[in-house]
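Thank you all for coming; I would like to take a few minutes to walk through one model with you. Please have a look at it first.

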Amino acid sequence: MIGVISGDIIKSQKIPKQQYDAMLYQLEQSLRAISNKSTLWNIYRGDAFQLQVNQGEQLIKTAILIYLHLKSAGYEVRQSMALGQIDNPRSDIKTATGSAYTLSGQGLDKITNQRFAFNITEQSIDESFSLNLIFVDTLLSKITKAQANALYVYLTQKNNNHAALAKELNTSRENVTKLLNLANYQLIERFITYAEQVIKNIIKGIA
């Protein structure tokens, strides 16, 4: 099973024309920053994107990192995650097909006020997992750009003690700690670990 994320920038139609290119550039930079050898991505319809995550257990963390990277630049994004099959793998994912792509796209069409949605092919989602995702969705929607940036760096740096992060962010250790606490970094990190294990168990149960 693979993971697919379909997403778009919230209220992009309200972005002034002179700032639209900057938004597209930031979206591309964010996807490049998150991507690695196990991900493929494509931007379409201007403000929308799809990203294929070959390591399904990384699906939640990838979506959270995309959200934080864009939020730190001042953009809100909504993302529909799906775990499923890929029937027709392609290097250009615009032409790829499979249940993961179908579910992800359908999920994005149904999103209303959430930042994150999650679906699994031919399965219902455990209620506790869904509830935890809603809590994380609410927490992340309330953080500031500075808090999002600090949390993104915390989650992506190998040495993420607060002193090292202070150097990376060019601020004081005390400010890093304050930003991370306001971003509920320990809860977010615990949820990512929990989500990875849940998805691993799902994949193992289907295999």
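This is a predicted model: local features need pLDDT of at least 70, side-chain atom pairs count only at pLDDT 80 or more; totals for chains, interfaces and linings use all residues.

Residues are numbered from 1 along each chain as its sequence is written, and side-chain values use heavy atoms, with hydrogens and water left out.

Let me start with strand β1, residues 2-9, where strands are DSSP runs of E with at least two residues and helices are runs of H or I with at least four, numbered from the N terminus. Eight of its eight residues are buried, so β1 is largely enclosed by the rest of the structure; buried means under 20% relative accessible area, with a 1.4 Å probe and protein chains only. Ile-2, Val-4, Ser-6 and Asp-8 point one way, whereas Gly-3, Ile-5, Gly-7 and Ile-9 point the other.

As for its partners, β1 pairs antiparallel with strand β4, residues 77-84, over eight bridges, pairing requiring at least two DSSP bridges between two strands. Val-4 has Ala-82 as its bridge partner in β4. Six bridges join β1 to β3, residues 48-53, also in the antiparallel sense, and there Ser-6 is partnered by Gln-50.

Turning to helix α1, residues 17-34, we find Gln-26, which is buried at a relative accessible area of 17%. Gln-26 touches His-69, Leu-70, Ala-73 and Tyr-75, leaving aside residues up to four places away in sequence, where contact means heavy atoms within 4.5 Å.Finally, Leu-131, Ile-134 and Phe-135 make a nonpolar surface patch of about 300 Å², a patch being residues with over 30% relative accessible area and no salt bridge, nonpolar side chains being joined within 5 Å and like charges within 9 Å.

Note on methods: Buried means under 20% relative accessible area, exposed over 50%, partly exposed in between (1.4 Å probe, protein chains only). Accessible areas come from the Shrake-Rupley method with a 1.4 Å probe; for residues, only the protein chains shown count as cover. A salt bridge is a side-chain nitrogen of Lys or Arg within 4 Å of a carboxyl oxygen of Asp or Glu.
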